[in-house]
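Hi,

Here is the structure I promised to pass on.

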Amino acid sequence: MTETETRATFKRVMLKISGEALMGDQGYGLHPPTVERIAREVKAVHDMGVEICMVIGGGNVFRGLQGSAQGMERTTADYMGMLATVMNALAMQSALEGVGVFTRVISAITMNEVAEPYIRRRAVRHLEKKRVCIFAAGTGNPYFTTDTAATLRANEMSCEAIFMGKNGVDGVYDKDPAKHADAVRYDTVTYDEVLQKRLGVMDASAIALARDNNLPLIVFPLDTPGGFKAILEGQGTFTRVQG
């Protein structure tokens, strides 16, 4: 084990980011330089010896709830949102492999031509071989968000924490810091407080699943260069959600 590996505070983690994080300054779709920047952030942590799972939302391409709100049948809209996450996963896979990180896209919806089907033991083996596993297509079921998918897969993969990468904020606040100058950031907050105060970290079912399995959430600024690695080294600014 190298000196850098001994500094990592976690050995296996889940990184959850939104699809919107891949848009950059655009209003839709993928911004390749932004995808590449995030890939380099992941590589920096991977190079420490940390095993990494990823779940990426699909809101930059299609959001199921928005489609449903506009009159589309909810189940169909949710499946379309799952397909959007597969597109983002493939884009991230390409960026990661471009910087020398071996990656597997694992889909909850079978599509053998572009991704592996989800088999838990196979996914664990990929992690043990130091491959980044990107879990796509949510849970494979409508009515569940990618937040819930990230929490489910993190538990199945025995991750030690979920890292929630956010753009524009450096943790969890008592109210929206973009709208309220007096918003206060939490260093730590409990799962129950997140639910009771509706702090918007994750959807309620995901928070409850994390709480029931005592899985900590680390909310940090994805747009701060080196922020992901700094937290693994015991530094940086973030909020920890725990029991």
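Below are notes on a pocket and on a pair of helices.

First, the ground rules: this is a predicted model, where local features need pLDDT of at least 70, side-chain atom pairs count only at pLDDT 80 or more, and totals for chains, interfaces and linings use all residues. Residues are numbered from 1 along each chain as its sequence is written, and side-chain values use heavy atoms, with hydrogens and water left out.

The largest pocket has a volume of about 880 Å³. (On a 1 Å grid over the protein atoms alone, a pocket is an open set of points where a 1.4 Å probe fits, with protein on both sides within 12 Å along at least five of seven lines; lining residues have an atom within 4 Å of a point. The volume is the space filled by probe spheres set on the points, which are joined across faces, edges and corners.) Its lining counts 44 residues, and K16, S18, R63, T146 and D147 lie nearest the centre. The largest share, five residues, comes from α4.

Now the helices (DSSP runs of H or I, at least four residues, numbered from the N terminus). α6 and α8 (residues 204-212) pack at about 15°, with axes 8 Å apart. They are therefore roughly parallel to each other (angles under 35 degrees count as such). On the α6 side the contact (heavy atoms within 4.5 Å) is made by D147, T148, T151, L152 and N155, and on the α8 side by S205, A206, L209 and A210.

Cheers

How values were computed. Helix = DSSP H or I, 4+ residues; strand = E, 2+ residues; numbered from the N terminus. Axes fitted to C-alpha atoms, helices over the stretch in contact; angles between N-to-C directions. Parallel < 35°, antiparallel > 145°, perpendicular 65-115°, else oblique.
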